[in-house]
Amino acid sequence: VAATPAGHERRPTEEDRQFWAFRAPVRPNPPVVADPSGWVRTPLDQFALKKLSEQNLTPNRIADKRTLIRRATLDLIGLPPSPSEVQAFLLDDSPDAFQTVIDRLLASPHYGERWGRHWLDLARYAESTGKTVNFYYPHAWRYRDYVIAAFNKDKPYDQFIKEQLAGDLMPSDDPDIEAERLIATGFLAIGPKTLNERSGLKYELDIVDEQIDVTTQAFLGITVACSRCHDHKFDPIPQADYYALAGIFRSTEVCYGTVSYINAQRQTRLVTLPEKANVETAAPHLSDRERQQLEAQIKDARNSIRSMKDGLQQFFAQGRISLLQAQLDACEVDGRPKRLAMGVRDKPTPAGTGLRLGSRGRRFGDFTYDGMEAIGDSPVYVRGEPDQPGEQRVPRGTLQVISSEPLAIAATSSGRLELANWIASRNNPLTARVMVNRVWLQLFSHGLVPTADDFGLAGQQPSHPELLDHLAIRFMEDGWSVKRLIRYLVTSRVYQLSTTADNGAMEIDPDNVFFWRMQPRRFDAECLRDAMLAVSGQLTVTPPVGSAVARAGEGPRSEEHTSELQSRGLISYAV
């Protein structure tokens, strides 16, 4: 980042850059360990056994075959193994028997559903806005399906990053790939939103803050959003760095939908997918008769408003019109559902738009937007207050502690593609480390870095720093393949240990920091539910098209609003 505004002179130092997480991973040599019993299977085991030896710990025995196939099946696809799968594994005495099980599980479509859910948790996936007024996201399911497909196809993780942050800026001649990349940017469009916020500028800054937070925590494992109001209290991230990122996201139009409604006026348009793309639609087809009925209801509602003296009743009537109009707008003239998605796109460039950066009153969708209306840099807001912008704008960029050179961002670009390339670069010291640690966390119950979302100074140091670097470098050299990473981890001896609690080892390492046993784990809610349905033969394994929310369409989730509308006779159906 270039010059920092007055009053925000803190800059990261070379000493700051020597913190372990901000240094590039260094390829370590697997340590030489005494292994008379031939326990070691992979270099991973060598690193683990070295740490165990230093702590006078001995690894547990290998778990029995029934335990292993159950553990792997639950971890990789979230379902229990069938009796026939267990029996086949028990009868297979070949040295590659467990590898065969792992390959079968990684090829299962349920693998993407299981591991995609882990990512959706990080991406704060939900099908409504949450917060003060809760409105449906009827198109969020497209992002859900994108994530599941990405894991099943083993999309390289660096590509996965770029598509979610800047898929709209990665053109393709293939309409299917173009649609996929547009849908991927739903990562930045979903998330909580305060739709009843009166100030358009504050609303914009809050959305940008949430985008910065999810981007930096999910991909980089650091809490940059802490710098919105002041320099970060722990990490060498000045407030100017936050607003360097904010300029990138403020130059981005967020397309999430919703409707104009009572106490919720922050609706936007959606992204239109390519006409030739092979994409499914979840909304029902609208017949000519249904269209005529909706148009008649809208006309009647507008006529009735003219005679209303109760202002609150007018509000509810306007809300009803919005809901009815949303049903019309969801379909083409011939009744076909429109091919829409949540996502983002760059705002217009200042040149030739006739708009002045930072001016007020732009019409955005159906409401007046008083925020930043075109691509440009953001000022630092004193104490994060929207009404206290600094006089100087911060050039769009990244984090000085990781990259002392500014990003080369064209005046006509938001900078999202440049940001995505920077995050997905092999030169970024955090990206690969953070992802391999997240995968390790899911398989071993706790991470090599226990604070998976905070690799900063307030987080905890890695228990096995050489092993972490070994995995990060291997991950990148394997083409950023998550499947290969998982295969490597689960075929290690460390993953296959029993959960037996040895009294001596418990005295030395009660928290199992050094992985002398497999940590016992509880079912999560999804696994418990699906396991009961699977063993009873009631599990539906056919992927759905859309979701219940997609079929419900745009509108408020609040039962209070729905009940109020019904009690006034304004609607006779569930919103």
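Helix α11 meets helix α12 through Leu 201, Glu 204, Leu 205, Val 208, Asp 209, Gln 211, Ile 212, Thr 215 and Thr 216 on the α11 side and Tyr 242, Leu 245, Ala 246, Phe 249 and Arg 250 on the α12 side; contact means heavy atoms within 4.5 Å. By class, this contact has eight nonpolar, three polar and three charged residues. Here Ala, Val, Leu, Ile, Met, Phe, Trp, Tyr, Cys and Pro count as nonpolar, Asp, Glu, Lys and Arg as charged, and the others, Gly among them, as polar. The model is predicted: local features need pLDDT of at least 70 and side-chain atom pairs count only at pLDDT 80 or more, while totals for chains, interfaces and linings use all residues. Residues are numbered from 1 along each chain as its sequence is written, and side-chain values use heavy atoms, with hydrogens and water left out.

Helix α11 covers residues 200–220 and helix α12 residues 239–250; they pack at an angle of about 110°, with their axes 9 Å apart. That makes α11 roughly perpendicular to α12, and their crossing is right-handed. Helices are DSSP runs (H or I, at least four residues), numbered from the N terminus. Axes are lines fitted to C-alpha atoms, for helices over the stretch in contact, and angles run from 0 to 180 degrees between N-to-C directions. Angles under 35 degrees count as roughly parallel, over 145 as roughly antiparallel, 65 to 115 as roughly perpendicular and the rest as oblique. A crossing is right-handed if the near helix is turned clockwise from the far one by less than a right angle, and left-handed if anticlockwise.

A second pair is helix α8 (residues 157–166) and α15, whose axes come within 9 Å and cross at roughly 160°. Helix α8 is therefore roughly antiparallel to α15, and α8 passes α15 in a right-handed crossing. Ile 161, Lys 162, Leu 165 and Ala 166 of α8 make the contact with Arg 416, Leu 417, Ala 420, Asn 421 and Ile 423 of α15. Six of these residues are nonpolar, one is polar and two are charged.

Within α15 itself (residues 416–423), the buried residues are Arg 416, Leu 419, Ala 420, Trp 422 and Ile 423. Seen down the axis of α15, these buried residues fall within an arc of 160°, so they line one face of the helix; the arc is that of the directions from the helix axis to the C-beta atoms. Buried means under 20% relative accessible area, exposed over 50%, and partly exposed in between (1.4 Å probe, protein chains only). An α-helix has 3.6 residues a turn, so residues three or four places apart point the same way.

Trp 115, His 118 and Leu 122 of α6 touch Arg 438, Val 439, Gln 442 and Leu 443 of α16.

His 464 lies in the loop between α16 and α17 (465–477). At 2% relative accessibility, His 464 counts as buried. Not counting residues up to four places away in sequence, His 464 touches Phe 47, Lys 51, Leu 448, Val 513, Phe 514 and Phe 515.

Ala 179, in helix α9 (residues 175–184), is also buried, with a relative accessible area of 1%.

How values were computed
Helix = DSSP H or I, 4+ residues; strand = E, 2+ residues; numbered from the N terminus.
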